[in-house]
Structure formats: C-alpha cells, structure tokens
Amino acid sequence: MPQRGIAAARGGAGKAVFSDFDRFAMQRALTLAARGLETTDPNPRVGCVIAQRGRVSGEGWHERAGEAHAEVAALRAAGGQAAGATVYVTLEPCSHHGRTPPCTEALIAARVARVVYAIADPNPLVNGRGAALLRAAGVTVEAGLLPEEARELNAGFIKRMQQGRPLVRVKLAMSLDGRTALDNGASRWITGEAAREDVQHWRARSSAVLTGIGTVLTDDPRLDVRLADEAPGRTRRQPLRVVLDARLRTPASARLFGTGGEVLILTALATADDARAAELAARGARVESLPAVADRLVLKAVLERLGELEANEVLVEAGATLAGELLRESLVDELLVYVAPTLLGPTARALVELPQLNELADALAFTFIDMQQVGGDVRLRLRAPAPG
C-alpha cells in the first residue's frame, strides 16, 4: 500500500498528497467522463482510468443509464492488470444495487490496491458508503483530486441530489443592444446558423427543455434535438419537452407533437374530466396539474416536479416573461446568451422582464464562466447569483 494513502485508508486522518501522474490520470478520467455529456442522463457523467507504475492499463466511461458504469468498463479493459493497480474515477464508486450491480463489489473482486476519486457521490444511497466499503476491504482510498472540474461536469446531478431540483440554464439570444425581437414581434433569426447548431448540443445534454405557452402560441417551436444520431445503431436521446400552460391553451396541432420524445404539459386546471387534456393526451402528451397563484404556475413546484422526474439539467427556451420570473425568484443557475453583432433600436423588445430599479446596487449580478465566438455571434455563459 503506498505510504501516502495510509492515512486516508484509515479514515482520513491526513490529507492525501497527489503526484503529477495522479493528476494526469484524473484529468484523463474527466475527459472520458465528458464523452457521456449528452447520453448518461439521468445518471452522472463518470470516467475511470486504471494504472500501475505510471502506465495506463484500462479506461472507460459511463455511456448511458442501464449500461456498464465507468469502473466496470475500465476493469474489463484492464483485465488481469487491474490487480494491485490504482483506479482513478471522477465520482465515488457506487455501493448500491440500481440498474447495475455496485462498482465497489467489482473493484474489490478485481483486487485493486488503491482508489482515487474526485468528489463524493451526493446520492444519499452512496455518499461515503462506497469509500467505506472499499476501505473495509483493505483498499487505499483517497478523495479530492480535481474536485472542481468534477463538480462542474455534474452540477445538475449534484443539485438534484442535494436540493431535489435540477440545474436551470436559461438560453437567450439578443442584439448588441440587448433586444430579442422587433417591436412587431419579428425575431427569426437574430443569431446565425452556427449559433442555432450550438443550441442543439445544449438541448442534447439537457434532461428537459422548458418553455411557456406564450412561446408555443407565438413561435410554435419543436424544441427537439435535430443532430445526427450519436453512433450507428444508437438513436439519439431526446430531452423531455415541458410546457407551462396554466389554462391549457396548447393546440393539439403544435409542432411539439410527433417529433419524437415525450411532451409534458403542466397546467393549473384539474385535468381528469377536461376535454382539452384528453385531446392533448391523444397526441402523446402527458398532462399534469400543479399549484398556481393568480393564474401562474408556482415555479418552485414546477422544478420540484422535474426533480422527481430525475431531470438534472433544464434548458429554458422561453420569452422575456418566464425568463424574468425565474430570475426574480432566484431560480436560475446559469444564463446562456448568444449575442449577434446587430443593433435593433430602443423600440425593440427587451431581453427579460424585470422590475424597474432605483439603485444600481439592486441590479442582478452575474459571473462569466465562458465566452466563445460561434460563427458570427458570441456565446456568453454566466453563473447567476446565489439565492439571497
């Protein structure tokens, strides 16, 4: 057993010291985990590398729910070379029976010597138990290598496990002067084709795409993923499409239907005897009732319901009203803003509806995460302020 791992193996009495190779191997595991960015939902994105004496003998990643976890895929690749090896995994190995057996059992059976993981699994069925089982079997366990990168990769899964709600990412497209459409409502297309293609990938990684009834009635969007299938014989996963429709005005002819994937319509009306609900159900929609105040659905109840449906990340593609409501209620985690190099003028429509401020100190503040040019436009990714 490596000397630096003894304290961790005995319950964390000392802080692990990681080598350059440890960091290299974990970075590789994170790169592998990112291959499942659009496919693993509702499971976390996890990568694994197995190595001995500075040489990689096996690697793997979790591709989709119900299939092999990253550790099992890496163990298969390593074969007999897993015995006595170090396993680098981006998330604490699972210890419970889900759709697949526990990874801790597979690691112990393979007689690995050391397990290094980036972050603990926030799932209450696992959190700390996976590490404890490995230690009880004599495996050296060390945690906390590149944790920020691992958290970023699974921010939605972590939030759902800890708070019961998904990560909320609001997508917006605007001109240089912060406008989204002309005064007459014309808005296609503010951004270019490359930006619209980029949005498809954000949809693909999301558990659900959320919009409001106003957008459905005005734009009649499909909100599906129109990228090529991910691999031969693999049909691309479609996100759940969610419409907030308090008075059940979604037309049965909407383009949301008939494009693959499930549609969930959330309403304030009792649906049991409603003919409109029956008509939408006949089109393949699931219609559910949620609490409402003043003819508006309670947004926290909406997100809690999506958490119950195992949604990790929700992409909001809606108008200024719904985006503004989410911001006012501090329910937004990220903004994804595409900026076109155009000016639409002061009479064009604003980006979001927010109350008028009297002091600059009261303005909502954001932190830039990333800025990239996408075709002729710029994509800004921002982190929203924490509640309170």
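Q: Why does Leu223 count as buried?
A: This is a predicted model. In it, Leu223 has a relative accessibility of 4%. Buried means under 20% relative accessible area, so at 4% Leu223 counts as buried. Leu223 is found in the loop between α9 and β9. Its phi is positive, about 65°, although Leu223 is not a glycine.

Q: What makes Ala294 exposed?
A: Ala294 has a relative accessible area of 71%. The term exposed applies over 50%, so Ala294 with its 71% is exposed. Ala294 lies in the loop between β12 and β13. Ala294 also has a positive phi, about 50°, and is not a glycine.

Q: How do you know that the side chains of Asp274 and Arg276 meet in a salt bridge?
A: The N to O distance between these side chains is 3.1 Å. A salt bridge needs a side-chain nitrogen of Lys or Arg within 4 Å of a carboxyl oxygen of Asp or Glu, so the pair Asp274 and Arg276 at 3.1 Å qualifies. Asp274 counts as buried, at 13% relative accessibility.

Q: What makes Asp274 a cap of the N-terminal end of helix α10?
A: A side-chain oxygen of Asp274 lies 2.7 Å from the backbone nitrogen of Arg276. A polar contact is a pair of N or O atoms within 3.5 Å, so the 2.7 Å distance is inside the cut-off. Helix α10 covers residues 275–282. After α10 comes Gly284, with a positive phi near 100°.

Q: Why does the pair of Glu334 and Arg169 tie together parts that are apart in sequence?
A: Glu334 and Arg169 form a salt bridge, with the closest N and O atoms 2.8 Å apart. Glu334 is in strand β15 and Arg169 is in strand β6, so the pair ties together parts 165 residues apart in sequence. Both Glu334 and Arg169 are buried. Both also belong to a network of salt bridges, whose members include Arg45, Glu152 and Arg381. A search of the whole structure finds 29 salt bridges.

Q: How do you know that Asp198 forms a salt bridge with Arg379?
A: The closest N and O atoms of Asp198 and Arg379 are 3.0 Å apart. The cut-off is 4 Å, so this pair passes. The pair links helix α8, which holds Asp198, with strand β18, which holds Arg379, across 181 residues. Asp198 counts as buried at 16% relative accessibility, and Arg379 counts as buried at 7%.

Q: Why is β18 largely enclosed by the rest of the structure?
A: Five of the seven residues of β18 are buried, so the strand is largely enclosed.

Q: How do you know that β15 and β18 pair, and in which sense?
A: Pairing needs at least two bridges, and β15 and β18 have six, in the antiparallel sense. Tyr338 has Arg379 in β18 as its bridge partner. Strand β17 and β18 pair over seven bridges, again in the antiparallel sense. Here the partner of Phe368 is Leu382 in β18. The hairpin of β17 and β18 has two residues between the strands, and Gly375 takes a positive phi near 60° there.

Q: Why do the buried residues of α5 line one face of the helix?
A: Gly130, Ala131 and Leu134 are buried in α5. Seen down the helix axis, the buried residues of α5 fall within an arc of 95°, so they line one face. In general, an α-helix has 3.6 residues a turn, so residues three or four places apart point the same way. The buried residues of α5 pack against α4, β4 and β5.

Q: Which residues have the most contacts inside the largest nonpolar core?
A: They are Met26, Ile50, Val112 and Val115, in a core of 37 residues. Elements giving two or more residues to this core include α2, β1 and α5. Beyond its sequence neighbours within four places, Val115 is in contact with residues including Val87, Leu107 and Leu134.

Notes: Residues numbered from 1 in each chain as written. Predicted model: local features only at pLDDT ≥ 70, side-chain atom pairs only at ≥ 80, totals over all residues. Heavy atoms only, no water. Polar contact = N/O pair within 3.5 Å; in protein donor to acceptor, adjacent residues only side chain to side chain. Helix = DSSP H or I, 4+ residues; strand = E, 2+ residues; numbered from the N terminus. Buried < 20%, exposed > 50% of the residue type's maximum accessible area, 1.4 Å probe, protein only. Core = buried A, V, L, I, M, F, W, Y, C linked by side-chain atoms within 4.5 Å. Contact = heavy atoms within 4.5 Å. Arc of directions from axis to C-beta.
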